Structure formats: structure tokens, C-alpha cells
Amino acid sequence: MHNSYPINGSTQLLEKAVSPSSATSNTINDLRFWLALMLAPGVGTTRFLRILEHAPDLSTLFTTRNISIDKLKLPTAVRAYLQSPDWHAVDKILAWADNDGCHIITLSDPRYPPLLKEIPDPPPILYVRGDPLILSQLQLAMVGSRNPSAGGKQIAHDFAQSLSQHSFTITSGLALGIDAASHQGALDADGHTIAVAGTGLDRIYPARHRELGHSILEKGAIVSEFAPGTPPIASNFPRRNRIISGLSVGTVVVEAALKSGSLITARLAAEQSREVFAIPGSIHNPLSQGGHSLIQQGAKLTNQISDIFEELTHLISPFPNHQSSATTTSGSATENDHPFLENIGFEPISIDMLVDRSGLTPEAVSSMLLTLELQGIVTSSGGLFCRTG
């Protein structure tokens with residue numbers, strides 16, 4: 001599952017449907033037509049993209065008889081709806097977007113996240129609460145069990161926290177368990193995090209995550225392809241998984257059973273030519289079996305965040321806003337550049353010992369070790385670290 005993919009590429013369908021000339025901010029009139037078509041009975045993502053390919057100017061669907069559309073042989077219900085769209089429902093959605101921090105982004109909007117546009121079935125419309133520009137930042141998805149072990153939750157939190165300290169935005173699904181721990185880890189690092197919802201954004205689901213959701217909005221965004229007012233329907237949650245993986249350069253699976261939604265996300269990530277990482281666990285823990293299965297299929301066995309960086313180094317450069325301390329430090333490090341090096345000799349030493357020597361927090365020590373390891377100044381083996389020369 002180790003894959004690289006053309007970050008600046010695009011699918012043939014989208015090259016036709018969203019030409020550079022149409023990649024301008026949506027006017028209210030344009031947006032009304034996009035919303036009206038999305039509300040049509042029998043029009044999902046696939047049919048919408050097919051229609052868009054034949055009629056990039058969607059207003060023609062509702063104002064004239066479009067010969068190219070006739071070739072699509074649309075169902076009778078869709079044709080009837082196009083003659084009498086539900087403009088009242090459209091206006092209700094637009095009223096939602098009038099609220100502070102609420103946005104509607106279509107495929108033709110320059111704010112639409114470019115990585116998501118690369119997947120075979122990108123959602124034609126995204127509803128966003130928070131900062132829509134964060135959707136285009138360098139992201140890693142983190143997913144796992146809704147009922148994880150205490151250790152699994154801690155691992156998710158710590159990985160998310162460390163990755164956030166290296167300027168990755170953490171993307172997950174706001175679900176119970178690993179999702180929530182991942183979001184919280186990013187927030188505890190004062191980093192950015194994105195939640196992909198399986199409901200309309202007029203609610204935060206599950207309700208017990210209302211406070212977490214509001215914290216996410218302060219440092220990131222909540223996004224959905226479902227219009228405001230959409231309730232929590234079971235079939236919608238697997239659909240949103242392709243957005244979680246599609247926004248991200250890679251997906252990290254922390255704990256997952258053999259039959260779980262997390263493995264769906266991992267499969268979708270692989271199909272989207274994104275990296276898949278799996279954190280191993282005890283062979284006696286059922287929640288480790290999904291991750292172990294992914295590793296057998298080619299996912300990267302991940303014990304520490306440096307394992308993630310090894311696979312993603314070649315992908316970081318196309319993101320000009322990425323300010324990872326691991327990639328922006330200029331020149332070779334010396335003891336003057338890194339006073340922390342005085343705590344590390346040529347004999348292997350544990351992180352706990354380095355914490356005691358330096359007086360720093362475990363998080364700070366881990367971050368510095370990763371930076372030094374990526375620069376080739378420090379090497380690690382079996383959880384112990386030492387100077388390379």
C-alpha cells in the first residue's frame with residue numbers, strides 16, 4: 001500500500017467538468033443551481049459529475065432544453081424535478097450559509113481542497129463550518145475503533161499531538177474513541193484539526209462531542225457533503241470515509257477490528273493512491289487484528305512518527321505552507337544549533353533518561369529527537385537513541 005500519487009494531477013472527468021475558466025468563486029445564482037441539482041431525487045455524486053461533464057453551466061438545466069443532457073437519459077423523476085426545482089429548500093440552505101463561519105464550496109470554487117478533487121468521486125458540494133482554507137493544508141487522517149483500549153486512545157492522542165507539532169493537520173471523523181482522541185491530541189498541541197461529519201452541520205454528532213466540536217471550530221473546521229438538516233443516517237457514515245482519506249496524504253489506523261469502518265477508510269486511501277499506516281498491537285487484542293491485516297497487505301508498520309515521515313518526505317514540498325521543524329531547519333545541526341544534543345552521547349539512551357537529563361517534557365524530547373533523526377544526527381533502535389557522529 002506504499003503509494004505516491006500526482007498531487008497536481010486531476011481525473012479526466014474533472015478536467016472536463018471544472019475548467020480553469022470556471023474555477024471562480026461561486027455567485028449566489030450559480031450556487032442556487034448547484035444546490036438545486038444536488039437536491040434532485042436520484043442525483044448522487046456519480047450522476048451529478050456526469051451531468052456536470054455535459055453541462056458545466058448548470059443554469060442551462062433549469063432554463064433551457066439541453067441537448068447534451070438528453071444523451072444522459074435521465075430518469076423521469078429527475079427530468080420532472082428540473083422543471084420544478086425545490087427553491088424553498090435551496091433558500092433554507094443558503095440561509096444557513098449566512099451564519100458566521102458557515103460556508104458552501106463547490107467543485108468550481110478555488111477554495112475546494114485540491115487533494116480531495118483528485119479522488120474518483122469527489123463530493124460536488126462541501127458544507128464547512130470554520131476556516132475553509134484549512135481544508136487545503138497538509139493533512140494526515142487518523143482513524144480507529146469507537147471502543148478502543150486505554151492504551152490505544154493514548155497512542156492516538158500522542159501521535160496526533162506529535163504530528164501536529166510538526167505542522168500536520170489531523171483529520172478524522174469526530175466519532176467516539178480513536179477519532180476523538182486524535183482530534184484532542186491535535187488541539188492539545190495547539191494544532192489544526194478537521195472533523196468530517198456524516199450529518200448536516202446544523203448539529204454536532206454525537207451530541208456528547210458538542211464541546212469537542214466547538215474546540216475544533218476554533219482551531220480548524222468541520223466539513224460535510226450532507227446539507228444542513230441531514231440526520232445521522234447509518235449509510236452516510238461509510239460514504240464520508242472517502243472524504244477523510246481523500247483530504248489527506250495518508251491514513252493512520254490505530255486500533256481496528258477485522259470488520260470496522262476504519263478498514264473501509266484504509267481501503268479507500270489505498271484506492272486513492274494515498275499512504276496507509278498501521279500501528280501494531282498485541283496479537284491477543286481483537287482491536288489489533290485489523291491493523292495487522294493491513295500490514296500483511298502492505299501498509300506501513302508504524303511504531304513512531306518517523307516511520308510516517310519516511311514515506312511522506314517526497315510529498316511535503318508541494319505544500320508551501322508546511323512549516324515542519326523537521327524540514328525547515330537549514331544546514332547541518334551542531335551542538336550550538338541544538339543544545340539538546342549535549343544530553344545525547346554515543347551510547348544508547350532511553351527517552352525517559354533524556355527527560356531526566358534535560359528537564360524537558362516527554363513531548364518536547366520526542367519532537368527534538370524526531371528532528372535530529374530526520375537530519376541524520378541521531379539514530380534509534382529498539383526505543384533507544386544515540387549520536388551518529
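These are my notebook entries on one predicted model.

**Entry 1: the chain as a whole**

I began with the overall tally. The chain has 389 residues, and 51% of them count as buried. Its secondary structure comes to 18 helices and 12 strands. Residues 24 or more positions apart account for 71% of them.

**Entry 2: the sheet**

What is the strand order in the open sheet of 9 strands? I read it as β1-β2-β6-β5-β4-β3-β7-β8-β9, and the pairing is mixed. β1 (102-106) and β9 (300-301) stand at the edges. Each has a single partner strand, so one side of each lacks a neighbour in the sheet.

I took β1 next. Is this strand mostly covered or mostly open? It is mostly covered, with 4 of its 5 residues buried. β1 runs antiparallel to β2, and 5 bridges join the two.

From β2 I moved on to β6. These two strands also run antiparallel. I noted 4 bridges between them. R129 finds its bridge partner in β6, at I222.

Strands of a sheet pair through backbone hydrogen bonds, in either a parallel or an antiparallel way.

**Entry 3: helix α11**

Which residues of α11 (residues 210-219) are buried? I listed L212, G213, I216 and L217. They cover an arc of only 145° around the axis, which puts them on the same side of α11. I checked the other side of the helix as well. There, E211 and E218 are exposed.

Next I asked what covers the buried residues of α11. The cover includes β2 (125-130), α10 (178-188), β5 (193-196) and β6 (220-224).

**Entry 4: backbone details**

I wrote down the general rule before looking at exceptions. Most residues other than glycine have a negative phi, and most peptide bonds are trans.

The peptide bond from Y205 to P206 is cis, with omega near 0°. I placed P206 in the loop between β5 and α11.

S167 has a phi near 70°, a positive value in a residue other than glycine. It sits in the loop between α9 and β4 (169-172). L174 also has a positive phi, near 60°. I found L174 in the loop between β4 and α10.

Are these two buried or partly exposed? S167 counts as partly exposed, because its relative accessibility is 31%. L174 is buried, because its relative accessible area is 3%, under the 20% cut-off.

**Entry 5: the largest pocket**

I finished with the empty space. Rolling a probe the size of a water molecule over the atoms shows where such space is left.

The largest pocket has a volume of about 530 Å³. Its lining has 23 residues, and the closest to its centre are S162, Q304, I305, I351 and S366. Which helices each supply at least two residues of the lining? I noted α9 (150-165), α15 (305-316), α17 (351-358) and α18 (362-374).

I also sorted the lining by class. I counted 9 nonpolar, 10 polar and 4 charged residues.

Technical notes: Residues numbered from 1 in each chain as written. Predicted model: local features only at pLDDT ≥ 70, side-chain atom pairs only at ≥ 80, totals over all residues. Heavy atoms only, no water. 1 Å grid on protein atoms, 1.4 Å probe; cavity = no way out; pocket = protein on both sides within 12 Å on 5 of 7 lines; lining within 4 Å. Points joined across faces, edges and corners; volume = space filled by probe spheres on them. Nonpolar A, V, L, I, M, F, W, Y, C, P; charged D, E, K, R; others polar. Buried < 20%, exposed > 50% of the residue type's maximum accessible area, 1.4 Å probe, protein only. Arc of directions from axis to C-beta. Contact = heavy atoms within 4.5 Å. Pairing = 2+ DSSP bridges.
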